[in-house]
Amino acid sequence: PKKRTYQTNLFCITVKMARFQVFAAALFSAQACASFTPDNLRERRLDNPIIAGYAPTSTVTDHAALDQDQEAMVSAIGLGTEEGLQTALDIYTKGGNSKSYAVLTLIDSAISTAMAKGTAVSGTNESGMTVTGKLYYDVTPDATSITVQYATTDQPLNHVGCRVGGLTSATTDGCFGASGTVTVGETELTYSYDVLTGNQNGRTLNGFSTSAKDKMYMCEKNCPYNEYKAYYDYYKQFDYASQFVTGAISRTQTQFMNNDKDFSDWPIVARGEMAKKASAYMSVYMYVIREFEDAYSDCTSGCIDCNDDPVHAWDEGVAFYTGSLEGSDGSGDGAMLYGLADKRCINFNTCGENGGELSGRAKINYQAFDLFHRGQGYIQTGECDKLPGIIGQITEKMRVPLVQGTLRYAYKVGELNGGEKEKAEGDVFAAAILPVVHACDSSAAATIQENMEYSARTTDAAAVKAAFESVYSCMGITCDDVGGLFNSGTGMDYPGAEACGSGSAAMDSPGYARTGVLAALGSVAGAAAMMAL
């Protein structure tokens with residue numbers, strides 16, 4: 001695990017203020033604060049586990065635990081075998097740690113009346129200990145089975161006692177026993193099922209990609225979401241992230257309009273790198289943004305008492321960005337986008353609140369969490385018109401580690417003779433950011449893609465660097481954000497990989513909108529943010 005001795009002021013301030021005014025005094029107008037009282041919080045909880053300094057006011061422990069699927073997937077790929085890759089695919093598609101549920105087959109039990117989703121369910125495990133949950137779906141009188149979602153706790157690393165899905169090391173102590181009775185509401189039902197196949201998961205890394213068409217492109221409000229549209233326009237496949245992961249593991253070809261891949265002759269190490277990184281940096285990346293966009297779509301302006309749903313969606317976005325493994329202060333060793341930012345800041349000298357440091361929290365994580373707090377507060381006070389600018393800035397920050405990753409492996413391959421592993425890592429990092437580059441400048445994207453393909457005969461790191469720098473402003477990032485590739489042996493940046501000129505490409509204020517990639521994508525959110533200036 002990463003060893004850090006710091007404890008940020010952000011964490012301390014967040015925890016204290018969340019327990020009382022939920023950041024209102026620091027973030028909002030006097031009028032908003034005057035109307036924001038404990039009575040307005042209603043059912044919002046202020047005692048949920050802190051996520052790297054962020055205090056969610058809804059319960060998202062089960063959501064944050066999805067990073068444990070990613071961690072298990074990475075471990076399986078690390079075995080370096082075909083069996084390990086297949087295990088990783090099972091975890092990616094079947095899950096194991098998030099939204100656990102059981103499908104129980106009913107035996108000689110007649111359901112006389114319909115039962116609604118959410119109805120309380122209780123039963124026992126194999127040892128006779130009580131297991132509780134709720135109906136996952138509505139149940140009709142003629143049903144032959146019921147689906148029960150397990151209850152969760154507020155313990156981030158031990159939030160549910162039944163974890164099976166695609167995991168090879170299943171946890172079944174908290175699962176319903178193989179046979180017995182359950183009480184649904186006031187009705188007792190007899191059941192049986194296979195504990196290892198009947199316990200499944202309603203939230204998976206693959207599901208983030210396979211559900212994207214409906215949730216990010218065809219949804220009713222503000223769709224298609226601008227960031228997702230850029231990726232769809234580039235790849236012309238709604239489930240592009242899933243195709244990267246499943247194709248790499250199964251040695252199949254993708255069906256992309258641009259940057260198409262044939263994994264049939266890729267070695268195990270390269271396929272593994274593609275699969276594990278595409279899972280976190282494509283599937284999860286886009287779904288994080290989706291949760292913030294969903295919060296904006298559901299936000300009701302001027303209403304303090306009616307925004308519980310968007311508050312929960314916003315909290316979910318933070319949970320997916322960070323995960324459970326980072327801990328309450330962000331000093332853990334996570335597997336999601338927060339962890340990626342912290343890893344890349346060590347390589348590019350962009351750690352610390354103001355950058356220029358080689359350890360600790362990434363500068364963009366400081367910035368992202370400030371934006372998370374602002375957005376949370378704006379939703380709670382019904383200032384919905386300020387959300388598009390906040391979402392735009394969060395998205396821009398999330399792009400930085402993807403650019404850094406591409407630049408790092410361009411240099412490793414082009415200048416330091418990197419092998420199969422490095423080529424694959426460069427390919428997947430580029431694939432994760434190319435659609436944004438393409439929306440800004442198709443020629444720059446073509447340069448990066450041609451040099452970063454796994455099959456490229458040569459890699460010109462300088463050309464890749466120049467192509468990225470030509471679109472930094474459009475992408476909403478700066479030379480200072482990206483930094484230079486640092487050589488810890490010499491204490492200097494690698495020759496030719498230094499940071500480009502300094503300067504800020506964006507105002508540091510809530511509600512700002514950029515005219516670069518948002519305009520290029522025809523962003524509804526961007527237009528709304530401009531109106532809020």
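**Entry 1: ground rules and β1**

I take helices (H or I, at least four residues) and strands (E, at least two) as DSSP runs, numbered from the N terminus. The model is predicted: local features need pLDDT of at least 70, side-chain atom pairs count only at pLDDT 80 or more, and totals for chains, interfaces and linings use all residues. Residues are numbered from 1 along each chain as its sequence is written, and side-chain values use heavy atoms, with hydrogens and water left out.

I started at Tyr101, which sits in strand β1 (residues 100–106). Is Tyr101 buried or exposed? Tyr101 counts as buried, at 11% relative accessibility. For burial I use relative accessible area: buried is under 20%, exposed is over 50%, and partly exposed is in between (1.4 Å probe, protein chains only). I then looked up the contacts of Tyr101, where contact means heavy atoms within 4.5 Å. Leaving out residues up to four places away in sequence, Tyr101 touches Tyr136, Thr147, Val148, Gln149, Tyr150, Gly198, Asn199, Gln200, Asn201 and Gly202. Gly202 is 101 residues from Tyr101 in sequence, but the C-alpha atoms are 7.2 Å apart.

**Entry 2: β2**

Next I checked Ala120, in strand β2 (residues 120–124). Ala120 is exposed, at 51% relative accessible area. Beyond four places in sequence, Ala120 is in contact with Gly133, Lys134, Thr183, Val184 and Gly185. I also noted Val148: it is 28 residues from Ala120 in sequence and 9.1 Å away, C-alpha to C-alpha.

**Entry 3: whole chain**

I counted elements. The protein chain has 24 helices and nine strands. Of its 533 residues, 56% count as buried. Among contacts with a separation of 6 or more, 68% join residues 24 or more positions apart.

**Entry 4: cores**

I looked for nonpolar cores, meaning sets of buried Ala, Val, Leu, Ile, Met, Phe, Trp, Tyr and Cys residues joined through side-chain atoms within 4.5 Å. The largest has 116 residues, and Trp314, Tyr321 and Phe372 have the most contacts inside it. Helix α13 gives this core its largest share, 16 residues. Another core lies apart from it, with 24 residues, among them Val121, Leu135, Val139 and Val195.

What does Tyr321 touch, leaving aside neighbours within four places in sequence? I found Val288, Met336, Leu337, Tyr338, Ala341, Ile364, Asn365, Ala368, Phe369, Phe372 and Met398.

**Entry 5: α14 against α16**

For helix pairs, axes are lines fitted to C-alpha atoms over the stretch in contact, and angles run from 0 to 180 degrees between N-to-C directions. Helix α14 (residues 308–322) and helix α16 (residues 363–380) have axes that come within 9 Å and cross at roughly 165°. That makes α14 roughly antiparallel to α16. The cut-offs: under 35 degrees is roughly parallel, over 145 roughly antiparallel, 65 to 115 roughly perpendicular, and the rest oblique. On the α14 side the contact includes Trp314, Val318 and Tyr321, and on the α16 side Ile364, Phe369 and Phe372 are among the residues.

**Entry 6: α12 and its cover**

Why do I log helix α12 (residues 240–250) as largely enclosed by the rest of the structure? Because nine of its eleven residues are buried. These are Tyr240, Ala241, Ser242, Gln243, Phe244, Val245, Gly247, Ala248 and Ile249. The cover over them includes α6 (66–77), α7 (82–94), α9 (205–210), α11 (226–235), α13 and α18 (420–440). Just after α12, Arg251 takes a positive phi of about 60°.

Two of these covering helices, α6 and α7, have axes that come within 7 Å and cross at roughly 165°. That makes α6 roughly antiparallel to α7. Their contact includes Ala72, Met73 and Ile77 of α6, with Leu85, Ala88 and Ile91 of α7.

I also followed α18, which packs with helix α19 (residues 442–452) at about 170°, with the axes 9 Å apart. That makes α18 roughly antiparallel to α19. Leu434 and Val437 are among the α18 residues that meet α19, whose side includes Ala445 and Ile448.

**Entry 7: Arg271**

Last stop was Arg271, in helix α13 (residues 268–298). Arg271 counts as buried, at 1% relative accessibility. A polar atom of its side chain lies 2.8 Å from the backbone oxygen of Ile249. Beyond four places in sequence, Arg271 touches Glu82, Leu85, Ala248, Ile249, Arg251, Phe263 and Trp266.

Conventions
Polar contact = N/O pair within 3.5 Å; in protein donor to acceptor, adjacent residues only side chain to side chain.
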